[in-house]
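Please keep the viewer open while reading.

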Amino acid sequence: MAELIHSILSQDFPNTEQASYEIAALKSQLEIPKGVIHVISDIHGEARKLKHVINNASGRLRPLVDSLFSHRLTPSQKQELLNVLYYPTELLSSKSKALSEKERLAWVMETLQNQFSIIREIVKNKRRNTIWNYTPVVYRELFDLLLNYPAGGHNPVFLEVQLQELVAREMDFLAIQAASRLIRNLAVEELIVAGDLGDRGSRIDWVIDYLKRQSSVSVVWGNHDVSWMGACLGNQALIAIVLRISLRYRRLFQLEEGYGILTKALEILVEHVYQDDPAADFYPKRGGERDSLLIARMQKAISVIQFKLEGQLMERHPEWNMDDRNVMSRIDYAAGTIEISGKTYQLKDSYFPTVSPDDPNKLSAEEQQCIDRLTESFTSSAKLWQHMSWVAQSGSMCLVRDKAVIFHACLALDENEQYEALEIDGQTHVGPELFPAFDSVVKRAFRAGTNATDDDKDWFYYLWAGPKSPLFGKDKMASFESYFIAEKETHQEQRNPYFEKLHDREFCDQLCREIGVAEDGLIVNGHVPVKVEKGENPVKRGGNAVTIDGAFSEAYGDRGYTLILSPEGDELAEHHGFRDPVSIVRSGEDIIPKMQNIRRHFPPRLTKDTEQGAVIREKINALEGLVQAYASGALTERSRP
């Protein structure tokens, strides 16, 4: 194996000199402050808000601008510079109409120099190859001039003439946009999304499009992610769930416009079967152009299909012990009642025109035709496949970064506060063992695509709503009860004991040790919105666990958190709602997050103290072996290209 590694490395480092210089550079990298990592969670389709949080580096760019330009720029000039960084397209659009060519050249020169003052500050702890990796080839010569201007000793004419030519060709603003993007890429080494990219908010497709354009993004899957992933693979229960939620929050644009998924089959079913149904309990959560009664009937129709398909799943997987979710079989259709946990409840709506009481989970011919056509539309959407494949490839169940153990929801505990066991692929797994086991299932399913086995596809449903799922953490998903039963007691979804144990410092330390963080670990979860208005604190009482679901979605509260893992310590940025980018540029406002310190590092953490440091040391060892192979003659050196 060592010989193979050395042979591969020799392609990039063909002689001792180049290998030795790389070793020197990597060793120096170990001794500099570690990069900044941002962790956000539960975006739920709020693409506009996500864009601002990413563009302003979760509030970290404003204090940098304030410190660098406190005596050089007026408050309005600083705000304009921040808008150049946050919203270059919108700001530059207004500038293009307001400046003469001479004014434009002066403004572009000043703006680029200010941008590179910021870049020089950020890159003090970056290798030069990192900078150029983030810089489009077409701008490298210009940006090299700006990075070293005026201290580099270049004749100012080099810069002045280049900018004059770009202004004349109206390509100068593109350089400003590229510089803003470079600043954002350098300011945050990695962005981690701890689950739930879509649902409730307007456009999961816009969220994923924007994440894909970032330089370094990792995803930790949430239960809403696996519902979309399973729907993409053709799991019909999850197709029904994704469509039901889109109807409930009136977000059909993301399906129809974003992914080209046709919902006409559901409209036809409604026209034929539910044409007289008032569907009073199925009206969408928000207004819109399409007829609300039609949306309500569509939501009821797909909900009934969902509950039937869930019942079929429970019959197919008795080992899941989820028979309470086989709700259609618990209804007394003659009496219009249902039995839940040994108690009988009257249904608010007992109109089920497609249900046969003798076989309540069987789809009617019309329903089967509808879900089959929807399945064809979901599985044939090229963009949906592209997006969900990216989520699968970029994602995992759990990540460890800088001693932060990041996973979406929980590790289920029983009533004795012991890990719940779950059998996957014929093996019993408990606690953190579930993470790699489910990683394997998800990756395997996406390698097979729509040809994945039914069992693998079904696991996506269990991850969505299974009581032992690390992405759910409740005893049930009470969708049926919330629609059909008036008594609120049936709507309650009991949280797993894990969520209370998060306040126990020793429990959290032990969990971190089991995942490989020997000391000073921090558990980072999303999934459960922090109810700040009720006095809840995202940082748990033990101080070594934090919940970063800050109700990012407008449907939940329109706030949100970013966990910032910096060399100096870990802090939480609390965001709040804002208007559209054009209004922000016109008004000059900024969304300044409220910062909360979680823990401080004294002295600041270096790259060698992190997981990245361990990777770099492995590469150094491999390069040392390559140098020895050259010295011994096991590999032949080649001259520098």
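Which residues of helix 13 are buried? They are Asn223, His224, Asp225, Val226, Ser227, Trp228, Met229, Gly230, Ala231, Cys232 and Leu233. Buried means under 20% relative accessible area, exposed over 50%, and partly exposed in between, with a 1.4 Å probe and protein chains only. Helices (H or I, at least four residues) and strands (E, at least two) are DSSP runs, numbered from the N terminus.

The model is predicted: local features need pLDDT of at least 70, side-chain atom pairs count only at pLDDT 80 or more, and totals for chains, interfaces and linings use all residues. Residues are numbered from 1 along each chain as its sequence is written, and side-chain values use heavy atoms, with hydrogens and water left out.

**Aromatic pairs**

Rings of Phe, Tyr and Trp (its six-membered ring) pair if their centres lie within 6.5 Å; planes under 30 degrees apart are stacked, over 60 edge-to-face, and the rest tilted. The count comes to 22 aromatic pairs. Two of them are tabulated here.

| Pair | Centre to centre | Plane angle | Type |
|---|---|---|---|
| Tryptophan 320 and tyrosine 461 | 6.5 Å | 15° | stacked |
| Tyrosine 498 and phenylalanine 499 | 5.5 Å | 85° | edge-to-face |

Tryptophan 320 sits in the loop between helix 17 (292-316) and strand 4 (331-332), and tyrosine 461 in helix 21 (residues 454-465), so the pair ties together parts 141 residues apart in sequence. Both tryptophan 320 and tyrosine 461 are buried. Tyrosine 498 is buried at a relative accessible area of 0%. Phenylalanine 499 counts as buried at 13%.

Ring pairs also link Phe282, Phe307, Tyr333, Phe352, Phe480, Tyr483 and Phe484 into a cluster.

**Charges over rings**

A charge sits over a ring if NZ of Lys or CZ of Arg is within 6 Å of the ring centre and within 35 degrees of the ring normal. Lysine 300 lies over the face of phenylalanine 352, 5.9 Å from the ring centre. The charged end of arginine 104 sits over the ring of phenylalanine 173, 3.9 Å from its centre.
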